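Welcome! Please keep the sequence and the 3D view at hand as you read.

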Amino acid sequence: MIKIAEPIIKKAEISAVTKVLQSGRLAQGPQVEKLEHEFSRLCRVKYAVAVSSGTSALFAGLYSLGLKPRDEVITTPFSFMAGVNAIILLGGRPVFIDIEEQTLNLDPAKIKPALTARTKAILAVNLYGQPADYQEINQIGRKYRLGVIEDAAQSIGAEYKKRPSGSLADLGCFSLYASKNITAGEGGMITTNQARLFQKAKRFSNQGLGLRKPYDYHQLGLNLRMTEMQAALALVQLKRLKKLTRKRQLISKEYNQSFSQIKGLIPPSLAPSRTHVYHQYTLRVTPAFKLSRDQLARFLAKKGIETRVHYPLPLHLYPHLKELGYKKGDFPMAEKVSQEVLSLPVHPLLKSQEVKYIIKTINKI
Ligand SMILES: *Cc1c(COP(=O)(O)O)cnc(C)c1O
């Protein structure tokens, strides 16, 4: 089976983690500090806070923006659930707006009509590895004094107008989960240029403690800390990021050249002034194609090619969000594409014959 995602663990990773285990220092220490430093360099921001997951990063990020019960956060219904769960756990209310057809990211033109006196923030997601339209989003954010968060879980290394993901909003939130472009097994990172947000997020991730004395509680907090093993693993991975990203982009280019010729398939499309790091290579399988999306997925599985649907149901239609009052038909674009999307393997461990085999298998249909 050609897998949809595979972590790359080489001798360097094993040796780095082993060294940490032998050092006796397992919780926050020099590796975590170094990873934070490297992330702030990568994203060209002043500050970075390492945390235990991408979800932790979003939770701490939303808390740092001052999200209070009944505050509203405008966000996309076509994403992973983490950001929405974090909003609700803080007592806030996700307010969904529909997505743009080209990038499948939230449509900035739909933000203004969704604003109310309770709107506190905008949470944009860089879906599949392509940044959302931050010029438009930030303009609205500034005008109405809203915090803007970039869910960069899928977009490490991507750029928008020559600026790196992680620096595109007030806060960037990354994930280092096992299937992400680089991994720490589990892990996350918050990036920002604002000292106040940095301090709040840093404290929140560590029981609300101040940065100097012990038992110096300043605010609410949790334990969302990253371990030294995770940081050591991520540091090795980070060194390979450029190479791994280029590989994803090259595979995607081959896919695009072939699949754009096939009636009924819509390959991912890149909007102006941004780069795509292809955390997922996601096709739209429209009714004009020979097979339905699910038929194509089953066919490819039989041929030994694993695929995945990102995402099968828009967030507003999940049962635990019923109280928000949304219904089918509220976000036509998100609902339509959730029936059409299919992600193919695009990870850097794919061999060139495997890429050719995937292309040939789809072309045969
Ligand atoms: C993976 C992911 C997250 C959550 O990250 P975890 O590290 O799994 O908690 C959040 N948002 C998006 C868009 C993701 O892809």
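## A salt bridge to begin with

Let us start with Glu13 and Arg240, whose side chains meet in a salt bridge at 2.7 Å, N to O. This pair links distant parts of the chain: Glu13 sits in helix 1 (residues 11-23), while Arg240 belongs to the loop between helix 8 (228-239) and helix 9 (241-259), 227 residues apart. Keep in mind that this is a predicted model.

Are the two partners buried or exposed? Glu13 has a relative accessibility of 1%, so this residue counts as buried. Arg240 is buried too, because its relative accessible area is 17%, under the 20% cut-off.

## The chain as a whole

Stepping back, you will find twelve helices and twelve strands in the chain. The radius of gyration is 20 Å, close to the 21 Å that the globule rule gives for 365 residues, so the chain is as compact as a globular protein of that length. Along the principal axes, the C-alpha atoms fill a box of roughly 65 × 55 × 35 Å.

Of the 365 residues, 57% count as buried. The chain exposes about 16800 Å², and carbon and sulfur atoms supply 53% of that area.

How many salt bridges does the structure hold? There are nine. One joins the side chains of Glu159 and Arg44 at 4.0 Å, N to O. Glu159 lies in strand 6 (residues 159-160) and Arg44 in the loop between helix 2 (30-42) and strand 1 (47-51), so this pair ties together parts that are 115 residues apart in sequence. Glu159 is partly exposed, with a relative accessible area of 26%, and Arg44 also counts as partly exposed, at 43%.

Asp330 and Lys327 meet in a salt bridge as well, at 3.0 Å, N to O. Here Asp330 is partly exposed at 26% relative accessibility, whereas Lys327 is exposed at 52%. Elsewhere, a network of salt bridges links Glu101, Arg284 and Glu340.

Now look for an open sheet of three strands in the order 10-11-12, with antiparallel pairing. Strand 10 (265-266) and strand 12 (341-344) are at the edges with a single partner strand each, so one side of each has no neighbour in the sheet. Four bridges join strand 11 (residues 281-285) to strand 12, and Leu283 has Leu342 in strand 12 as its bridge partner.

Helix 10 (residues 293-302) lies across strand 11 and strand 12, at about 20° to strand 12. Arg298 is found in helix 10 and counts as exposed, at 53% relative accessibility.

Conventions
Residues are numbered from 1 along each chain as its sequence is written. This is a predicted model: local features need pLDDT of at least 70, side-chain atom pairs count only at pLDDT 80 or more; totals for chains, interfaces and linings use all residues. Side-chain values use heavy atoms; hydrogens and water are left out. Two strands pair if DSSP finds at least two bridges between them. Helices (H or I, at least four residues) and strands (E, at least two) are DSSP runs, numbered from the N terminus. Contact means heavy atoms within 4.5 Å. Axes are lines fitted to C-alpha atoms, for helices over the stretch in contact, and angles run from 0 to 180 degrees between N-to-C directions. Buried means under 20% relative accessible area, exposed over 50%, partly exposed in between (1.4 Å probe, protein chains only). The radius of gyration is taken over C-alpha atoms; the globule rule is 2.2 Å times the number of residues to the power 0.38. Accessible areas come from the Shrake-Rupley method with a 1.4 Å probe; for residues, only the protein chains shown count as cover.
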